[in-house]
Amino acid sequence: MNTSNSIAAIPDKTLNYCSEASPIGFDANQARTIPDHTASSVSLYNRLLEFERGGTKLEPGLAESWDISKDGKVYTFHLRRGVKFHSTPWFKPTREFNAEDVLFTFERMRNPNMPFRKAYPVEFTDFHHLGLDNLISRIEALDEGHAIRFTLNTVHAPFLVKLAAPVISILSAEYAAKLLKEGNPSDISWKPIGTGPFIFQEYIKDATIRFRGNPEYWKPDEVQLSRLIFDIVPDAAVRAQKLKANECQVVTSLRSTDIPVLKHDPGLRALSQPGFNVRYLIYNTAHKPLDDVRVRRALEMAIDKKALINQVYEGRAQIAVAPLPPLQWSYDKTLQDAPRDLKQAKALLAQAGYPNGFKFSLWIPHSSIGTNVNPRLTAEIIQSDWKEMGVEAKIVGYEWGEFIKRAINGKHDVLLIGIISNIPDPENLLKVFSCTEIGHGFNLSRWCHSSFDDLIQRAAQTLDIAERSQLYTQAQKLLKREQPVTPLAYAINYQVVNKHVTGFKINPLGPTIFSGVGLK
């Protein structure tokens, strides 16, 4: 490919995106939140497999094709040739992408004794959550580096889907070796190198991220912007103002109250679709009295979910009952909430030894993040509902990064959080409640039930979809009975963009994707 011709082919356009939070870095393997993945995974990197833009269908990525053994344990991926890593002032690649990069990426995440991991010791929470650390037995390079073979310890139905997860982005082994030699391994996060549609230029902490279009991207038609700028704006109201003023052409995580106004602005275009999201209250079952299921049932029974949907989402969401969203196959539509009944809720509290109620904290993030639309209003409505039965909740707000950090350490009593599944498989959202996730940053309820873990493990090792669905249905019923969380809402995904933005599609799996996006 002629680089100069490629550079000329990228339209001289700049798009400004109002992001809701600062990233923790630009190493996609460490990323844990939607803002992190938007700034790293989907902008800077590729994966062996990808989800179609705006959908959930699997398609080839850095792997052009793949074969699966008859026993379902060996996967061989034939790698795409001619893919180039980013060329920047701090790194000039001397070779194209090959199996060595796949080996480095996976070995770093699965092997704590690997030299680069020892030099830059970080946690790979998502990799662990996906179970890939224990699932993969061996990885081998084949065909002079143009193929890679994964041998698994057991049959695992969602394996291919997991390889398309944002966290499984492929990094450069050559760049890592350079950083290790120079003694700067952490630069892999702060001076990132990938194969993706955009090249990192600069990050001004808590303010701005600058990218440029990749002139050598292996899918040249997907690069329609010469410059992509992230404007980090934690306040949802300010993001809406910047959109109206054309200071940002795309924004994320708008308040429901802003959407009707923005929809009638002739300079804007509103997009919407259902997503793989659930908004929860999560109870820390390691804290008294939340360790008692009667208390958790009472708290849920007191919440007026219908009023919450009307006031917070203005009807632009569905009452959540199950821990999976309706879009997800195996969603159990037979589950029902107990009727709202304050008298019965008080009786449950009395049975648990709290006839006069109790006091505790309800944590929220300061700003709207993903499906966490207007967390302050949501918390105030729930606080009012609980007060009616004598329970006093003190609302405590934190900046997003601090909110997550403290929650992972189990400091909260109850917290309000929205979760978006970044892969369309039921295991991903259900495994959040497994015993193995306690202490690893995802099971914020700290609830542990061996029967639940057994159900989701058996389902993952079953290739038959009907059998898997049956097992996941049982798991959902068990979770509903034990109530470590209260599902509140399935939000409709809304994104409002400037009318001159072209090719934009909402990603039902979370991160905002700018490949294929341009400006008139």
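In helix α17 (residues 400-408), the buried residues are W400, F403, I404, A407 and I408, where buried means under 20% relative accessible area, exposed over 50% and partly exposed in between, with a 1.4 Å probe and protein chains only. Viewed down the axis of α17, these buried residues fall within an arc of 120°, so they line one face of the helix; the arc is that of the directions from the helix axis to the C-beta atoms. An α-helix has 3.6 residues a turn, so residues three or four places apart point the same way. The cover over the buried residues of α17 includes β15 (359-365), β16 (392-398) and β17 (414-420), contact being heavy atoms within 4.5 Å. Just after α17, G410 adopts a positive phi of about 75°.

This is a predicted model, in which local features need pLDDT of at least 70 and side-chain atom pairs count only at pLDDT 80 or more, while totals for chains, interfaces and linings use all residues. Residues are numbered from 1 along each chain as its sequence is written, and side-chain values use heavy atoms, with hydrogens and water left out.

The protein chain contains 20 helices and 20 strands, taken as DSSP runs numbered from the N terminus (helices H or I, at least four residues; strands E, at least two). Its radius of gyration is 23 Å, close to the 24 Å that the globule rule gives for 520 residues, so the chain is as compact as a globular protein of that length; the radius is taken over C-alpha atoms, and the rule is 2.2 Å times the number of residues to the power 0.38. Along the principal axes, the C-alpha atoms fill a box of roughly 75 × 55 × 45 Å. Of the 520 residues, 60% count as buried, and among contacts between residues at least 6 apart in sequence, 71% join residues at least 24 apart.

The largest nonpolar core has 80 residues, and those with the most contacts inside it are L15, F77, F106, F150, F159 and I168. Such a core is a set of buried Ala, Val, Leu, Ile, Met, Phe, Trp, Tyr and Cys residues joined through side-chain atoms within 4.5 Å. Helix α4 (residues 99-110) supplies the largest share of this core, five residues. Apart from it lies another core of 37 residues, among them V432, F452, I456 and V485. Leaving aside residues up to four places away in sequence, L15 touches several residues, including L225, L228, V250, V501 and F514.

The model has two disulfides, each a pair of cysteine sulfur atoms within 2.5 Å.

| Disulfide | S to S distance |
|---|---|
| C18 to C248 | 2.1 Å |
| C435 to C448 | 2.0 Å |

C435 and C448 both lie in the loop between α18 (426-430) and α19 (450-460), so this pair ties together parts that are 13 residues apart in sequence. The link of C435 and C448 is right-handed, with 100° about the S-S bond, and C448 is partly exposed at a relative accessible area of 47%.

For C18 and C248, the torsion about the S-S bond is about 70°, so that disulfide is right-handed. C18 lies in strand β1 (residues 14-19) and C248 in the loop between α11 (236-244) and β11 (250-251), so the pair ties together parts that are 230 residues apart in sequence. C18 counts as buried at 0% relative accessibility, and C248 counts as buried at 0%.
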